[in-house]
Amino acid sequence: MKNTFVNKVRGLLICVLFIASTLVTYHVWGSPLPNKLSLKSIQQQIKGKVVDVNGVPITGVSIQIKNSNKGSVSDFDGSYTIVAQPTDVLVFSALGYETQQIIVGNQTTINISLKEDVTSLDTVTINAGYYSVKKKERTGNISRVVAKDIELQPIVNPFQALQGRMAGVEVTQFSSVPGAAGTIRIRGQNSLRPEGNFPLYIIDGVPIISTPLDASGGVLDISGGIDPLNTLNLSNIESIEVLKDADATSIYGSRGSNGVILITTKKGREGKSKVNLNIYSGAGSVSKKLSLLNTAQYIQMRNEAFTNSGEEPTQGTAPDLLQWSQNRYTDWQEELLGNTAYITDVQGAVSGGNANTTFLFGGAYHKEDMVFPGDFGYHKITGNLNLNHTSSNQKFRVAVTANYGIDQNKGFNEGLFIQNAITLAPNAPALYNEDGSLNWEQSTWTNPLGFLRKTQEMKTNNIVTNAVLSYNLFPGFNIKTSLGYTNLHSEEFTKNPKSSNDPAFETVNSSQKQLTDRQSWIIEPQLTYSLGFGKWKLDALIGTTFQKSNGNTLYLMGQGYADESLLENLAAAEQTDILLQEDTEYAYTAIFARLGFNWQQRYFVNLTGRRDGSSRFGSNKRFSNFGAVGAAWIFSKEPFIQKTLSFMSFGKLRGSYGTTGSDQIADYGFYDTYQPTNGIGGLYPTGLANDDYSWEVNKKLELAGEFGFFKDHLTLAASWYRNRSSNQLVGYALPATTGFASIQANLPATVENEGWEVEIFTRQFQTNDFDWNTSFNITFPKNTLVAFPDIEQSSYANTYRVGESLNSALLYHSLGVNPQTGLFEVEDINQDGRYDFNDRQVIKDLGRQYYGGLNNSIMYKNIGLNFFFEFVKQDGRNELVMFQALGLNPVNQSVAVLDRWRQKGDVTNLQQSSVSYTANSVYMQTTASDQAISDASFIRLKTLSISYNIPSIYTEKAGLMACKLFLHGQNLFTITGYKGLDPQSARSGSLTYLPPLRTITAGLQLTF
């Protein structure tokens, strides 16, 4: 019994000790005491804010605890809260941004800045026009720039921002006069006609007439007119896509031959309403002035001219030597082109919305002075609206966009003003008399300020609107309609007051007024269907286009106003004439379709087609068919590639072939046309009918590869293309005996554009505090006229050569300066004693041999640095073409003429100074020789930007979401051996274009 009792007591004590030890163990190791070593079960609330590199809050960022299903999402202002343990890792991810991971530790507040993911092919979606496609899955060639590449630049036209940034896209801005049109060529010149090479412009789904607006003289006319896209608000552009190959452009049929440019404007986003405000201001000046002769050097050259010619100067031929001061010196470039052009730009937008409706409303004001003396400049006011709504059941969607702009360009009616300012004799008289009136120096010169009194004002207002309505009938099947309307109205008024002319000559007050209207509407119903079955996916699209455009031009002139104050009132003129009245109508219709096949997101085939009808062709040739096939293989997804080439993160091969067309010709060209005679009731024929001419056709072939290495820290894309444009639409020249200059017809000529495009992206560093990436692109184009049967019998015999580029110059061979005579000589090839096109056997290609750009973007904490270089390899016309024969007239010359021939036996490249007819004749021949061509290559620091994002701890105290300060430089320097004003205009060798302005601006971007 005793043993039994003892055993029971012993067992009870053991149970008590076990329970006690268990309780103690739980108390010591199981309770969440903060001073213990294990933090695994400690829970704490984390809060913070997610912003982008500019400090702007990001909505909808996923904040996930790594290796768990717990997470949160950032709110409209970027804020979030989440409960986590100190050992947890928070993963921040959002579409289009780089994913970041942060260890919680003992932090209770974690603010983070996400950087844009510029390399992620999985997240970037490209606008392909009628559809969108992921960048990695595209079968066509589409280049893209986004808002951050455009918005800080002090420019008027968005295409100026594209210079050097896109492979295969050649943008040339001949003149920096605000509002002047440039030229844009996508993979070269396809048509023999300059006016037949414009790309198709589309703004938010609405086609825009890309032809520049004409100016009746002046610096804008000499620069190519006014670009119709000037009235866009640059800060409202989300992206610009350029479609280049057949796969990308053939769905646009006859309008896609020269490429397609898609401009997409910004949209509102779900979240709390916010205001974005961008302001910058600065100044610009001419980036280059020529080195010219001073007064002593100039007078010596002019005296030599008369001595060498054996002639005596007279007051009629040499007022600079006999009547003007021989000691006076004026730097006319500084006097007439040396003003500072001040720039001010203010942009604002309000955006926001909820899950069903988003909105964005914005506006901008831009003011830019000119470098000429006087009150000349450019003003622009724009407004834009975007509204998107989705029904609660997600079936019905509507999107409305509207872009409206008004601009005013005040210049003057003298296209040669810049050239005259450069070549004006350094001892030319003073501009003003002592009483403040213009000095005409006894009618011995034309006072350049007189031209500035011939004011020219152009006012343009332009609206582009679009509405897209879509309805989801059942999963994957949508019906939608796109409705677009554009209306551009332009007024130009030019005054020619008597006070602008020398009072010694009888003149009258006169003025011109030109009115231009362009209206267009377009309706495009579409059906889209997406279907996934197994490893396959099918995307189908079919639609139709109905478009109609009207154009109206009226050009009036009034003369004989009693007073200059009446010049704007045509009713006050003694005589009023209608110089031109033109009304045109253009109709266009089409049916288009697309089939896209995708297997395992690895193999892709894209089929596109379009049947077009255009009112610009006769009934026999009004319709035509175009189509393309594109294919791609993402070989990096193949298991054997992933095993053997683990360093390759992405690899794709693609190719395309297809046809596009062009109807870029005048309306009514297939009709017999007539024009009223000056008499009453009469008509005379102006054009011959041709009902059989048809569409130009461009056959496009492309092969390309895209590669990513080391998790896309290095990406490479290379494309080879060959485009052949045939059935050329031209005005075929007719003999004068027919009574007509030309007839619209097709020529059996074929133009080929072949080339290579290479794009490289590298990310050298990527840490939380430091990021540095570089992008580089280069294009090697080659343009060739590959066929032109019987060109010798055509009017193009003296313009083009089969086997050579359309940009070629047919030149004499220069023999240099004869050391005995001191005159230029060119070779008479056929020894017939005449100099004509039979002697022009030297061919020089003035097109670009290669071109591209290099961009660096560096971010250290809140400080950003971005700089971009544009480079071009080319030949151009040199100083021989820019200036007149040495000493011929009282105009200045480059300092290069200091090395001219002066006496027998001199060996030099420049002939003697002379006023003789013979000297001028051989000089003109030499300007058409190979001696007038020289290297015009250049490297230009196009943009340089430094920015600072003020930390959120300061901006929040001021009630701001973000604040960014920036300093921006444009065209800061150019490295070139070219002696002209700007190597960009070297093809013409002209002094009539204003060179780029070196501009520095400072500003800020606010979000609140």
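Let's start with Tyr603: with a relative accessibility of 31%, Tyr603 counts as partly exposed, because that label covers whatever falls between buried, under 20% relative accessible area, and exposed, over 50%, using a 1.4 Å probe and protein chains only. Before I go on: this is a predicted model, where local features need pLDDT of at least 70, side-chain atom pairs count only at pLDDT 80 or more, and totals for chains, interfaces and linings use all residues. Residues are numbered from 1 along each chain as its sequence is written, and side-chain values use heavy atoms, with hydrogens and water left out.

Okay, back to the rings. A pair of aromatic rings is described by the distance of the centres and the angle of the planes. Here, rings of Phe, Tyr and Trp (its six-membered ring) pair if their centres lie within 6.5 Å; planes under 30 degrees apart are called stacked, over 60 edge-to-face, and the rest tilted. How many aromatic pairs does the structure hold? It holds 39. In one of them, the ring centres of Tyr603 and Trp633 are 6.5 Å apart and the planes are at 10°, so this pair is stacked. Tyr603 belongs to strand S27 (residues 603–614) and Trp633 to strand S28 (residues 623–633), so the pair ties together parts that are 30 residues apart in sequence.

Now compare another ring pair. Tyr796 and Tyr800 have ring centres 5.8 Å apart and planes at 15°, so they're stacked as well. Are these two buried or exposed? Tyr796 counts as buried at 13% relative accessibility, and Tyr800 counts as buried at 9%.

Ring pairs link Tyr603 into a cluster with Trp536, Trp599, Trp633, Phe635 and Phe707.

Rings can also have a charge over them, which here means NZ of Lys or CZ of Arg within 6 Å of the ring centre and within 35 degrees of the ring normal. Arg594 does that with Tyr131, lying over the ring's face at 3.8 Å from the centre. Arg848 lies over the face of Tyr851, at 5.4 Å from the ring centre.

Next, a sheet. Which strands make up the open sheet, and in what order? Four strands form it, in the order S3-S2-S5-S6, with antiparallel pairing. Strand S3 (71–73) and strand S6 (100–103) are at the edges with a single partner strand each, so one side of each is left without a neighbour in the sheet. On average, neighbouring strands here are turned by 20° against each other, direction ignored; the axes are lines fitted to C-alpha atoms, for helices over the stretch in contact, and angles run from 0 to 180 degrees between N-to-C directions. Inside the sheet, S2 (residues 62–65) and S5 (residues 89–93) pair in the antiparallel sense over four bridges, where pairing takes at least two bridges found by DSSP. Ile65 stands opposite Leu90 in S5.

On to a helix. Helix H4 (residues 295–309) has 15 residues and should span 21 Å at 1.5 Å a residue, and its end C-alpha atoms are 21 Å apart, which agrees. The expected span is 1.5 Å times one less than the number of residues. The buried residues of H4 include Tyr298, Ile299, Met301 and Phe306. What covers the buried residues of H4 includes helix H5 (319–322).

Two loop residues deserve a look. Most residues other than glycine have a negative phi. Asp204 has a positive phi of about 50° although it is not a glycine. Asp204 sits in the loop between strand S13 (200–203) and strand S14 (206–208), and counts as buried at 14% relative accessibility. Lys861 has a positive phi near 50° and lies in the loop between strand S42 (848–860) and strand S43 (863–877). At 49% relative accessibility, Lys861 counts as partly exposed.

Finally, the whole protein. Which helices and strands are there in number? The protein has twelve helices and 47 strands. Its C-alpha atoms fill a box of roughly 155 × 70 × 65 Å along the principal axes. Of the 1008 residues, 52% are buried.

Key. Contact means heavy atoms within 4.5 Å.
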